[in-house]
Amino acid sequence: YKMSLGKKDKKYYRIVVCGTNFGRMYIRGIKINANCKLVGILSKGTLQSKKCAGENNIPLYTDISQLNSKDVDIVCVAVKSSITGGDGAEIALECLKRGINVIQEQPVHYNEAKECFKQALKNHCHYYINSFYSGISAGKLMIEYANKLLNKTRPILLEAECSIQVLYPLLDILGKMLGNVTTYKLNKVKTTNEILVIVEGEVEKIPLILKIENRMASDNSDNYALLFHRIVLFTSSGQLVMDNSIGAVFWEPRYFIEKKNGILNFEGNNIYSNQKVTEILNEDCLDDTYKDIYDNVWPQGISNMINEFMMLIENEMDRKNIQYQLNLCKLWGEIGKCIGPVNNILPEEIIPINGEEILY
């Protein structure tokens, strides 16, 4: 059973989603993708999973033994892996042993990922770790522009920051910007700041400053983070900035004033003075609300990721791609060792304020 993309008689990939918390976002992404079909939910049989299966008119499977590669092409494992207190890696491994392709939600420990890839190769199927944010609009745009920019100008410095929950996706965006994360050096910077941990070093021979909010509310890890991602790629021509992985990407040309007879030429009409101070590269995102993110941006990101995985299946995922994903797992683990245990914070009231309300 194999789908041929682009043919008039194309078939679709039959997908089962495991987990109905963030898994519901997978379901939204699958339902807007014409190349795949939601054919079931794998869960422990909770009320939430029963409701979800009923709303989508699909079977609810409560044991992996109920799945087989003749009826299911892909299982999306949208539950936590062991490194974050769940059994996602075990579920992924069992599906791969049955010859079923697997997409697993990040992060995944290096050893578990290695075993999953080993089983995928052994059973002639495919395994993929979904880093998510490199597949949504801002992340995709940052990667696209960085790839083109680095062919035109010299990189000088990478500065990136994120919350610990989304460190793996940050590394994937950086890796896809630079082409890999094979070589790196890491060194934790001593600081009295208890909110952002700072790591200095380099990645792919480019100097790196990484700031991580290494804390979360243990009872509600989905909330209270101060930020998603912010990345600045400094080059000899200017800065490419992803202000937010669900927000804006912009270009800031490097500041330069021509001199005339040794005097700053403020009156000059030249290529430097005519550059825009800031160019927003995705203005369509500026009016997005969080509801727009949940309803449109994130489901489209899931759909994009599934398309990427389907193409890898079609073209027989090569070992270079496998090694890249393992490199990400390894780097994620090394940074974790460098910054130490996650600090627990207590939930606090978040007061919703719109920008125009701040002055009033």
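In the predicted model, strand β7 (155–163) pairs with strand β12 (residues 229–235) in the antiparallel sense, and the pairing extends over 7 bridges. Within this pairing, A160 stands opposite I231 of β12. The two strands belong to an open sheet of 8 strands with mixed pairing, in which the order is β8-β9-β10-β7-β12-β13-β14-β17. The edges of this sheet are formed by β8 (184–189) and β17 (279–280), each of which pairs on one side only.

Strands β8 and β9 are antiparallel and are joined over 6 bridges, with K188 placed opposite V199 of β9. Strand β9 is in turn joined to β10 by 7 bridges, again in the antiparallel sense, and here the bridge partner of V199 is L210 in β10. Strands β9 and β10 form a hairpin with 2 residues between the strands, and in this hairpin E204 takes a positive phi near 50 degrees.

Helix α6 (residues 167–178) lies across β7, β9 (197–203), β10 (206–213), β12 and β13, and runs at about 160 degrees to β7. Helix α5 (137–149) lies across β12, β13 (238–242) and β14 (249–253), running at about 160 degrees to β13. The axes of α5 and α6 come within 8 Å and cross at roughly 30 degrees; as angles under 35 degrees count as roughly parallel, the two helices are therefore roughly parallel to each other. The crossing of α5 past α6 is right-handed. On the α5 side the contact is made by G139, M142, I143, A146 and N147, and on the α6 side by I173, K176 and M177. Classified by residue type, this contact of α5 with α6 comprises 5 nonpolar, 2 polar and 1 charged residues.

The loop that leads from α5 to β7 contains K152. With a relative accessible area of 71%, K152 is exposed, because values over 50% fall in that class. The C-alpha atom of K152 is separated by 40 Å from that of N223, a residue 71 positions away along the chain.

A further open sheet is built from 6 strands in the order β3-β2-β1-β4-β5-β6, and its pairing is parallel. Its edge strands are β3 (60–61) and β6, each pairing on one side only. Strands β1 and β2 are paired in the parallel sense over 6 bridges, and the bridge partner of R14 in β2 is K37.

Helix α3 (residues 88–97) is mostly covered, with 7 of its 10 residues buried. These buried residues are G88, A89, I91, A92, L93, C95 and L96. They pack against β1 (13–18), β2 (36–42), β4 (74–77), β5 (101–105) and β6 (127–130), and also against helix α4 (110–122). An α-helix has 3.6 residues a turn, so residues three or four places apart point the same way.

Helix α7 (residues 290–314) additionally packs with helix α1 (residues 23–31), at an angle of about 75 degrees and with the axes 7 Å apart. This angle makes α1 roughly perpendicular to α7. From α1, the residues in the contact are M25, Y26, R28, G29 and I30, whereas α7 contributes Y294, D295, W298, P299, I302, S303, M305 and I306. By class, the contact of α1 with α7 is made up of 9 nonpolar, 2 polar and 2 charged residues.

How values were computed:
Residues numbered from 1 in each chain as written. Predicted model: local features only at pLDDT ≥ 70, side-chain atom pairs only at ≥ 80, totals over all residues. Heavy atoms only, no water. Helix = DSSP H or I, 4+ residues; strand = E, 2+ residues; numbered from the N terminus. Buried < 20%, exposed > 50% of the residue type's maximum accessible area, 1.4 Å probe, protein only. Pairing = 2+ DSSP bridges. Contact = heavy atoms within 4.5 Å. Axes fitted to C-alpha atoms, helices over the stretch in contact; angles between N-to-C directions. Parallel < 35°, antiparallel > 145°, perpendicular 65-115°, else oblique. Left-handed = near helix turned anticlockwise from the far one by under 90°. Nonpolar A, V, L, I, M, F, W, Y, C, P; charged D, E, K, R; others polar.
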